[in-house]
Amino acid sequence: GHAFAARLRPFAPRPTLGQPEIPRNSHASAPAPGRQASLPAGIIMFGSDEDNKATEQRASLLGEDADCTAERKRGLTGFQTGVSMVKCALGAGSFTLPAAFLNGGLYLSFAMLVFCGGLAGYTLNLLAHCERRVSALCSSPEEKESGFVETSDPTRPPRRKLTYPELGREAFPELSLTTSSGTVYNALEMIIFGGIVATSVGVGAAYIDFITATLADLLATWGASDINRVETLFIILPFVLFLAYLRDVSALAHGAVLGNIAVIVGIATVVVAGFQENGDEATMDVPAARIRTLPGFFGPAAFLFAIHTVILPIVQSMEKEENFVKVVASSYSVMTVGNAVFGGLCLIIFYNSSCDAEGVDDDYTGPCPNVLDSLSGSSAVDAVRIVLCIDLLFTIPLVLIGGREILERGLLHALELERKSKAEYRACIALRTVIVGATIALAFGVPDFGNAVSLVGGFCNCLTAFIVPPIIHIKLMDDPKSLEGAAHAGIVVFGLVALVVTTTYTIQGIIASA
């Protein structure tokens with residue numbers, strides 16, 4: 001998702017994360033037509049203005065409004081939007097799905113995956129609808145009344161565009177606190193910011209878990225059995241820091257397509273190689289439902305479907321936003337069916353197989369927490385695992401962008417450093433080092449890839465996907481006590497229960513494995 005958002009055009013500045021409020025009149029603060037909007041002081045800029053054009057584009061993730069007088073550009077088609085959404089959701093987290101099916105049982109997991117996919121798609125639509133309704137700065141009175149802005153009309157200037165945290169702030173202005181210096185803090189905005197930062201660090205830690213465990217296993221297969229995960233971490237640490245310090249990571253975004261191809265090839269390899277190795281042990285005699293361990297299913301499912309923190313830049317770039325509902329339905333149908341088939345097949349194939357992955361009990365049978373570990377070593381499987389490790393290594397800085405730029409903006413605003421100064425450079429380098437250190441510390445604390453995915457999905461993704469969007473929509477409803485309002489309140493309750501139960505279950509598993 002961050003790889004896609006890195007290519008979006010820049011927007012005019014908007015105060016966030018404790019920055020002083022600016023006038024609501026967009027024309028008073030917007031740049032002149034034809035000129036590029038400057039970034040807020042919190043966005044670190046390295047090198048020349050030409051070299052940092054991609055950095056300005058990435059700032060659209062954090063909340064810059066569209067210039068109401070800017071010339072409209074042709075947006076994404078429905079197909080392109082659907083592909084972008086699938087690319088956001090497709091990743092290494094899919095390899096934890098077979099173990100999630102083991103936790104839930106074959107048929108119950110299939111049903112719950114369809115339910116979670118449908119619910120995530122529904123709350124995506126809620127989030128996009130709320131953003132359209134709130135962002136009426138450039139809209140006519142009729143559009144304000146209907147809550148919808150037709151963006152495909154070339155004669156109408158583009159509407160104001162909000163990010164997820166801004167939407168929370170604008171929907172709940174009563175939760176704002178203004179300090180004596182005029183700085184505004186909003187409780188819901190800060191919660192959403194926290195969810196984005198936690199997601200960035202958590203996903204980065206999960207990817208480090210995947211890379212270190214896979215490299216240690218590969219090296220042991222090749223005869224270097226004395227190299228453990230800690231030593232492999234020190235091998236990749238210089239690369240992680242180097243990528244984190246890059247002035248411009250837009251070049252890494254172009255590898256997103258290759259990364260998705262690697263994931264698809266990896267999924268196909270698991271199924272084909274699994275049948276070749278365990279075809280004789282494959283069985284349909286698997287549990288239909290497992291209630292006691294069902295909480296272990298929700299984390300990977302939420303991790304898979306919850307792309308809410310990056311969806312607004314995508315929907316805002318559509319040529320016809322009114323088609324977003326259809327796009328969500330089609331893309332989420334493809335993702336749900338594909339992942340359900342993959343998870344079910346792998347459970348059938350590996351149900352009777354043992355797992356010798358690090359941290360797994362000796363008497364454990366079934367798909368490994370990372371299903372790639374269920375395969376024996378072969379040249380094809382090893383090649384796929386190496387490619388996935390390389391892909392994830394270059395994906396880590398893209399994952400950290402969302403949380404990193406939020407923290408950089410807050411730090412530089414608090415320190416009141418001069419733009420493009422050496423002090424600003426040193427502050428951002430120090431902060432990026434701390435972020436990488438926190439990511440590595442979390443990877444050490446949660447060394448299992450499956451547990452890391454479950455923790456991020458159970459806590460961060462449940463918060464940003466199943467709790468906040470319906471809360472915002474209830475606030476904007478004319479009659480919150482209606483049947484629709486009650487249904488959305490039920491979604492909030494489901495999200496809270498899933499968050500608490502899944503997070504508790506995952507933490508218990510982490511403690512037990514330790």
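Me: A salt bridge here is a side-chain nitrogen of Lys or Arg within 4 Å of a carboxyl oxygen of Asp or Glu. How many salt bridges does this rule give?

Reply: This is a predicted model, in which local features need pLDDT of at least 70 and side-chain atom pairs count only at pLDDT 80 or more, while totals for chains, interfaces and linings use all residues. Residues are numbered from 1 along each chain as its sequence is written, and side-chain values use heavy atoms, with hydrogens and water left out. By the rule above, the count of salt bridges is ten.

Me: Which residue forms a salt bridge with R169, and in which helix does this partner lie?

Reply: The closest N and O atoms of R169 and E189 are 3.1 Å apart, which makes the pair a salt bridge. R169 lies in helix α8 (residues 164-171), so the bridge ties together parts 20 residues apart in sequence, the partner E189 being in helix α9. Helices (H or I, at least four residues) and strands (E, at least two) are DSSP runs, numbered from the N terminus. The partner and its helix are therefore E189 and α9.

Me: Are R169 and E189 buried or exposed?

Reply: Buried means under 20% relative accessible area, exposed over 50%, and partly exposed in between (1.4 Å probe, protein chains only). On that scale, R169 and E189 are both buried.

Me: What is the relative accessible area of D478?

Reply: D478 meets R133 in a salt bridge, N to O 3.5 Å. The two are 345 residues apart, with R133 in helix α6 and D478 in the loop between α18 and α19. R133 is partly exposed at 30%. D478 counts as exposed because its relative accessible area is 73%.
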